[in-house]
Amino acid sequence: MFWSILERYALKPVAGSARYSSVPHENGATKSETTPETPRGLPLLGLTPFLARDRTHFVDRLLRDFGPTVFLEKQPGVGNIMFSSDPAIVDEVLVHRSSKFIKSKHYRKVLPLTGKGSLLLEGESWRTRRKIIGPLFHPSHLNALTKVVAKVVKKYAEREFAPRAGEAFDISKHFNRLTLEVVCEAILGNWATDEEKTKLSQALDQSLSKIEPLFYPKFLSLPGTERRIKKDLEKAAKIIDDISRGIFHRVTLQPHVDNDFVSDFVHGKDGKEGADVESFCSEFKTLVFAGHETTSNALSWMWWCVFHPQNGGVLKSLQAEAAQVPDSPTMADLRKLAVLQNVISETLRIFPSVPSISRDATEDMNIGGWSIKKDDMIVIPIISLHRKGDIWKQPMKFSPHRFEEKARHGNYLPFSKGPRNCVGSGFATMEMLIIVSTLLNQFQFELIPDQHPQEEVHVTMKPSPGIFVRLKNKSSAFH
Ligand code: HEM
C-alpha cells in the first residue's frame, strides 16, 4: 500500500528529458517531434528506491507506461540511466557500436566472486581470453561433453531423486546443485578430485546467495552491510581460490595434454603462452558463476510451465520425444528434440534467466535520437522485450509452438547478442536437453497444487520460494 502510493506519485508524467532530440540521427531513423514524457520521481530520491527494491519489474512497468525508451537523469547513487527495449537501440548498443560501451560499473560488484574473467574483462584482454575459452564451447568439444554431462546427470538422479520417490520437495534446489556439478565436471574433468569438486560447489553456492544487496546504492543499505557481505564473499572466494590454485599447480606438473581444455589453458596451445595462476582461477570462477545459476533457473521455470495442469499437451509430446533419446546421447540425437528445443526457448522468453543487462558509454554519442554522455548507463531489460504485448501474442501464455516459425527477431535475446553474447549458450542448451530428457524418462513429476512462485531477481531471476514437486519412479508409477 505504502509503496503503491509512493509509486503512483513518482510515476506522474512530466515534460521529457532535454536529452531527446527530434533531429534524425545518423542511422537515418525518423524521430517524432515530441519529446517523450518522463516520470517525475520522489523529491531528493528520484526513482532510486524503486530501482533498488525491484529493478526488473519496476523498469518493465516504466517502459509500459512511458514507451520503449526512458531516460532518467541524475538518479541519486546511480547517475544517468537510459532503459531501452527498442530493438534498434539494443542493436546499436550490443552489436553495431558495442566497442563504444563497457560492462556497467556495477558488474564489478561480483569481482570478489569471479575475479577478472571473461565476463568482466574489456578490450584486448577480453578478446584474448574469449579466444582461449572458445574451444570449451566449440561444437566438436560439446559433442565429447555430452557423455560427461549424461554421466553426471544419471549419477545425480540415482543419488538424489530415486530415493525421494513419493516425497514432495523443492526441485529448484536440486537443479542448482546439479548444474553446479555439471559445470565443474565439464570444465575440470579428471583434474579435480570428487572431494575438491564438492567443496568448490559448497563454497560457490554459499557465496552466490549473498551478492544481491551489493547491487543496491550504498545509501539504501544499513551501515556496514557492504563490508560484511564482502568479507563473507572473500572467505568463500579463498576456499575456491585455494582449490583452483592446487589444480593449476597439479596441471603444470603434468605434460601438456592436447585438446584437453584445462591443460591447453594452463600450458598454452598453438605456440601461445599458457595462463598464469590468477587468470586460470578467475576464469574458472567466472564460468561457474555465469553458467550454473542461469541454467538452473531456466530448468526450474521450465518445470513450473511444463508440469502446470494447463500444459498437459506439451508434457505428453515432451515425454514421447524424450523416450527416443538413448542413455548416452550425442549432439546428433539431441538435435532431433524439436519439441524440447521449443520448450527451452519459450521458457527463456517468459522467464529469461538474465532479465536485464547494462553497459556504460565510453564517449558522448547519439543513439536513436537520444544524446548519451560518457559514463551514462544503458540498461537493456531483456524481460520487457520478451513480454511485449504488441510483438508476442498473449505474452504470458506458455506456448512453445510459437517457436516453430523460427522467428528469432530482435525482440528475443535470452543469451544477449553481439560480440559479448553468452559464450556458453550451446553448452547450456545441450545440458538442459540432457537433464530434461533423462529425468522425464526415469521419473514422473507433479506440481504441488496452490503454489505461486514469485520472480525474484538476484542478478539472475529465480522462482521464490522454489518449485515444489512430488516425484514417482517411473517403473513403480506404472504398477
Ligand atoms: C540458460 C542459461 C544461460 C543464460 C540464459 C545465459 C545468459 C547470458 C547473458 C544474457 C549474457 C550476457 C551478459 C551481459 O552482457 O551482461 C551471458 C554472458 C556470459 N555467459 Fe551465459 N547464460 C547461460 C549459460 C551459460 C553457461 C552454461 C556458461 C558457461 C559455462 C555461460 C558463460 C557466460 C560467460 C562467460 C559470459 C560473458 C561473455 C562475455 O562477456 O564475453 N553462460 N550469458
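Two residues are in contact if their C-beta atoms, placed from the backbone, lie within 7 Å. By that test, and leaving aside neighbours within four places in sequence, Leu-200 is in contact with Cys-184, Ile-240 and Ile-243. The model is predicted. The protein chain has 17 helices and 14 strands. Its radius of gyration is 23 Å, close to the 23 Å that the globule rule gives for 479 residues, so the chain is as compact as a globular protein of that length.

**Overall build**
- The C-alpha trace of the protein chain spans about 65 × 55 × 45 Å along its principal axes.
- Of the 479 residues in the protein chain, 39% are buried.
- Take the contacts between residues at least 6 apart in sequence: 75% of them join residues at least 24 apart.

**Shell around the ligand**
- The ligand is surrounded by 25 residues.
- The closest are Ala-290, Gly-291, Thr-294, Cys-422 and Gly-424.
- Two elements give two or more residues to this shell: α11 (277-306) and α16 (425-442).
- The most comes from α11, with 7 residues.
- By class, the shell has 14 nonpolar, 8 polar and 3 charged residues.

**Leu-200 and its surroundings**
- Leu-200 sits in helix α8, which covers residues 194-208.
- Leu-200 has 23 C-beta neighbours inside 10 Å, and 20 or more make a residue buried, so Leu-200 counts as buried.
- One of its contacts is Cys-184.
- Cys-184 and Leu-200 are 16 residues apart in sequence, and their C-alpha atoms are 8.4 Å apart in space.

**Helix α7**
- Helix α7 runs over residues 171-188, 18 residues in total.
- From first C-alpha to last, α7 reaches 26 Å, close to the 26 Å expected at 1.5 Å a residue.
- Because 15 of its 18 residues are buried, α7 is largely enclosed by the rest of the structure.
- Gly-189 follows α7 and has a positive phi, near 50 degrees.

- Strand β3 (residues 69-75) and strand β4 (residues 79-84) pair in the antiparallel sense over 5 bridges.
- Within this pairing, Thr-69 has Ser-84 in β4 as its bridge partner.
- β3 and β4 form a hairpin with 3 residues between them.
- In the turn, Gly-77 has a positive phi of about 80 degrees.
- β4 also pairs with strand β10 (residues 377-380), in the parallel sense and over 3 bridges.
- Here the bridge partner of Met-82 is Ile-378 in β10.

**Backbone features to check**
- A cis peptide bond joins Ser-464 and Pro-465, with omega about 5 degrees.
- Pro-465 is in the loop between β13 (460-464) and β14 (468-473).
- Leu-44 has a phi near 65 degrees, a positive value in a residue other than glycine.
- Leu-44 lies in the loop between β2 (38-39) and α2 (48-66).
- With 7 C-beta neighbours inside 10 Å, Leu-44 counts as exposed, because the limit for that class is 12 or fewer.
- Lys-74 is not a glycine, yet has a positive phi of about 45 degrees.
- Lys-74 lies in strand β3.
- Lys-74 is exposed, with 10 other C-beta atoms within 10 Å.

Technical notes:
Residues numbered from 1 in each chain as written. Predicted model: local features only at pLDDT ≥ 70, side-chain atom pairs only at ≥ 80, totals over all residues. Near = placed C-beta within 6 Å. Helix = DSSP H or I, 4+ residues; strand = E, 2+ residues; numbered from the N terminus. Nonpolar A, V, L, I, M, F, W, Y, C, P; charged D, E, K, R; others polar. Rg over C-alpha atoms; globule rule 2.2 N^0.38 Å. Expected span 1.5 Å × (residues − 1). Pairing = 2+ DSSP bridges.
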